[in-house]
Amino acid sequence: MNRFKSITYALVLATTLGGSALSIDQVLAAPANTSSTAAVRDFTKLSKDGGTAFRDIALARLAIYNAEPKLARELVEKAQASLVRAKADDTAFMKAEGDLMAAPAKPGEDAKVAPAAAAKPADSKPVAWLPVDGKMVLSEDFVASPQKTAAIKAANEHLAKGDQKAALEKLKLEGIGVSVTTAVLPLESTTAGVQKAASLIGEGKYYEANATLKGVEDGLRFDVMDVVE
């Protein structure tokens, strides 16, 4: 299983004398869900195979667009194998879609993520979600000071060593709030969608396969938690 790392899954810590400048991908810039308690699951665990599958899905769509059917077939088969391994890596967790967040409808929209239910009626029944990516960010009310800046530097050093728990403890001691946003895929429907796409490619129905894979990508949701309290 994968874990938050100092580069790919890092605290965003660009500070200035006048405050903080938080640089983060638009989709992962959601505010913390302060109504949630600390994560019951280990939020530092990500599914390496799940992340690989999601990337291969995107590359398969690109291959179809570039009229490379053989490559598309290979990538979808790789995604299938990765999802089989991901199902057994003990990173999936149960949650209702209505408790997650969806990406903005358009890239130019407000960076704050809207509830998934706003895009379509969300199922309240808990299902298995596969964590495939994630980032830690400082709380929106963070104000830099020499002491806090030093704590942030120390936290980054811990993250560089892969010790995210020590990093969070250092921030907690200084009262620095951190939220974690995890990108997640619905395990069962993603697996079914990739399997369907593989069958469609086998039948030479590339347009339909591309549409199916897009549906899989659209299933991505975001779990946002305040983890330093």
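These legends accompany close-up views of a predicted model. Local features need pLDDT of at least 70 and side-chain atom pairs count only at pLDDT 80 or more, while totals for chains, interfaces and linings use all residues. Residues are numbered from 1 along each chain as its sequence is written, and side-chain values use heavy atoms, with hydrogens and water left out.

**View A. Asp49 and Arg85 form a salt bridge.**
Their side chains meet at 3.2 Å, N to O; a salt bridge here is a side-chain nitrogen of Lys or Arg within 4 Å of a carboxyl oxygen of Asp or Glu. Asp49 sits in helix 1 and Arg85 in helix 2 (residues 69-87), 36 residues apart. Helices (H or I, at least four residues) and strands (E, at least two) are DSSP runs numbered from the N terminus. Asp49 is partly exposed because its relative accessibility is 21%; buried means under 20% relative accessible area, exposed over 50%, and partly exposed in between (1.4 Å probe, protein chains only).

**View B. Asp223 pairs with Lys95.**
This salt bridge spans 2.7 Å, N to O. Asp223 counts as buried because its relative accessible area is 1%.

**View C. Lys205 meets Glu203.**
Here the side chains form a salt bridge of 3.2 Å, N to O. With 37% relative accessibility, Lys205 is partly exposed. By the same rule, the count comes to seven salt bridges.
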